[in-house]
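These are my notebook entries on a two-chain structure. I set down what I looked up, entry by entry.

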Amino acid sequence: MMNKAEQIELLDDLLHDLGKYIAFPLNMLPSEPDGPMFQDAVEHALNQTRVGAQGSQSAKSIWANFLNEAGNAFDKNDCWQPMHDAVEAALAWGAHLGKPTLFISRKQVTDDIKAVSAAIRRLRDQING
Amino acid sequence: MAEKPRLFLVDDGVHYANTIAQHMPEYELVQVTADRSRAADGIEAIDYLNTSQQHVDLVLLDMRFDVSEDRLLPLPEATSLRRQRRYQGIAILRRLKAEFGHLPVVVLTSLADLSVAEIAVELQSLSLTYMLNGDDLDSLRIRIHEALVDAERLPEENGIFWGRDQAFRALRRRMAILARGRLPIVLEGETGTGKSYLAEHYIHERSGRTGRFVTVDLSTLPSNLISAHLFGAVKGAYTGAVSDRKGVFEIAAGGTVFIDEIQNIPLETQKQLLTVLQNQVVQPLGSNRDIPVDVKVIVASNEDLGSAVRDGRFRSDLYMRLSPATRVVLPPLRDRVSDLPFLARRLTERAGFEPDVFPFRVQLNRSLGLPEDSPVQLSLPDDKAAKEAGIRLVLPAPSWRRLQRHKWSGNIRELSMVLHNLVTFSIVGAVDALESGLSLSSRRLQVDSGLVNQLLAGGLEPALSDDKAAKRDPDVFAIKLKPGQSLNAVSVDIERQYFEQLFDQTNGSLDAMADRLLGDPARSRAIRLRLNQLGLSLRDLRRR
């Protein structure tokens, strides 16, 4: 059973590793990116989400590691399911990589990916009281 | 075309390096190793800055470092390895501040990835304002630009010693922005940090206001007169109100009112001040006429107003109206150690132009064959050979260490007084030696270590006199005799020194001075009058 401090620690890590870095390439895009530039940013956001001393990690693997570590620790929190849905919605765009639909839906893609951080923070705030 | 500014990136990941390389061609990333344009951890960063000859304009610092334990700098408050990694940027920031205080740092973190409350407290305590609110490219660009512009500004401007300390320089930008706004500004800082000087010579000057700058020092006003002083009064409003008088809000119309020591404002006056701030009108005492006022309000306090609110001494609604968001906390000198060499040099030079030193300096310059107006300069232990323009006071290494370790509770004012005395004693001592027939050929004068110790240990009185009684008895003052044009001039000078020391001893309270001298604290008006007659203004006394 995870205590509150451990839950916060775990969510802080997720905020950093996933929340920050999944949105990073999109945040750093110029205001009017062209198609290839946008594709490239989403590709980086989802597949090379965290690149550091320990190598490269995809958003999917960061999320899987988190779920594995978290177990059912957050199941009773109201904000858990929305957060879960937000992450899954962002990850789902991985299936559209390289397809024209990605650029056509770029506003939705951007919104979904940027929503991850806010969703994690809401759960964190709820636990923190 | 000018060279591109060189950014030194400290980051364990590649994201920022890639982004800057791809989207910010106006900057050049410092190549740290053959294949990396970033330092991967704090140890590598500090090593590089210590050993490399490459120029660095600005440091970009990540906050979290997922590196092996042996590559982490110590962070005593981190309770786990995880937290040490998460907040590693703070440990690096501290080292950078301590060893490379002149280097501007932009902290690359965001509200999204950290426990903001914890991190914000630490960054604010270091007075760094470069925490990004988002990771967007434009905000990063703006932060880098601001930091570079700040770093290029002169360390001294209009009598204000900004120095090179990034935290203090960041306040300059903040105050310049706040100066143009309509909100009141709250200046907090220990005594001697320059609140009143900054209010007048920086904020007011940048406010774009054409009206007067008017100061009210609440610590020197009897509490029953504060309302009348601030808001005005009509004839007969109170005993002694023999005619209508304007309040400072009216006098400063179109300008700035600076309320010093705001924490001393009586509770009943706080309500009136709140009404003025809310409605932009004043109602003089005894009148029901509303007078519209348009003034910029700056208030200063040497204590945390938030704690005064918690203690019930300050109304929370007034506190909120004064807008804690516009609070500027001036750092104490002990938090600006990287600026100490600059400040010591400049204040030494300035002391050489003080009226009591000036004639001796001219005399000494003449004797040494130097131009009469050559300055007095301070030579510090680590100084490389510099072009010598005038007399150099050589400070021994132990004395310099003593100055560096000193707590400076009186802040720049205290440093200024210590250096003023060092200059006075050194120059006058050299002139005495000349007059007693000694021949001096060197322009380098060794500063007496004992004198430094005395000045730092016991304030000024013991240094000015060997009379041990001066250390013990608060009624005994040390007076330095100086030749005057007439006996009257000598007498005035003695009385002036006497009042200055009493002013210091009573922490600037005219009531306390009146109590000590006249046995009646209510007679502070007589003290004020005498100070005026002696040419001692309260503002100058406080600034010393």
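**Entry 1: an aromatic pair in chain A**

I looked up A:Tyr21 and A:Phe24 and found both to be buried, where buried means under 20% relative accessible area, exposed over 50% and partly exposed in between, with a 1.4 Å probe and protein chains only. I note that this is a predicted model, in which local features need pLDDT of at least 70, side-chain atom pairs count only at pLDDT 80 or more, and totals for chains, interfaces and linings use all residues. Residues are numbered from 1 along each chain as its sequence is written, chains are lettered from A and ligands numbered from 1 in the order in which they are written, and side-chain values use heavy atoms, with hydrogens and water left out.

I asked how many residues apart the two stand in helix H1 of chain A. A:Tyr21 and A:Phe24 are three residues apart in helix H1 (residues 4-27), which means a separation of about one helical turn. Helices (H or I, at least four residues) and strands (E, at least two) are DSSP runs, numbered from the N terminus.

**Entry 2: other aromatic groups**

I counted 14 aromatic pairs over all chains. Rings of Phe, Tyr and Trp (its six-membered ring) pair if their centres lie within 6.5 Å; planes under 30 degrees apart count as stacked, over 60 as edge-to-face and the rest as tilted. The pair of A:Tyr21 and A:Phe24 is tilted, at 6.0 Å centre to centre with 35° between the planes.

**Entry 3: chain A as a whole**

I found six helices and two strands in chain A, running α-α-β-β-α-α-α-α from the N terminus on. Of its 129 residues, 48% count as buried.

**Entry 4: where the chains meet**

I found 27 residues of chain B in contact (heavy atoms within 4.5 Å) with 24 residues of chain A. The buried area, which is the accessible area (1.4 Å probe) that two parts lose on being put together, summed over both, is about 2300 Å² between the chains, and carbon and sulfur atoms give 45% of it.

How many salt bridges lie between chain B and chain A? I recorded 11, a salt bridge being a side-chain nitrogen of Lys or Arg within 4 Å of a carboxyl oxygen of Asp or Glu. Among them is A:Glu9 with B:Arg86, at 3.6 Å from N to O. On the side of chain B that touches chain A, the elements giving two or more residues are helices H1 (15-23), H3 (81-86), H5 (116-125) and H6 (137-152) of chain B. H1(B) gives the most, with four residues.

**Entry 5: further salt bridges**

I noted 35 salt bridges over all chains. A:Lys20 bridges to B:Asp62, with the closest N and O atoms 3.8 Å apart. A:Lys20 lies in helix H1 of chain A and B:Asp62 in strand E3 (residues 58-62) of chain B, so the pair joins two chains. Both A:Lys20 and B:Asp62 are buried.

Is B:Arg182 buried or exposed? B:Arg182 counts as exposed because its relative accessibility is 65%, while B:Asp294 is partly exposed at 36%. B:Asp339 and B:Arg336 form another salt bridge, at 3.2 Å between the closest N and O atoms, and both residues are buried.
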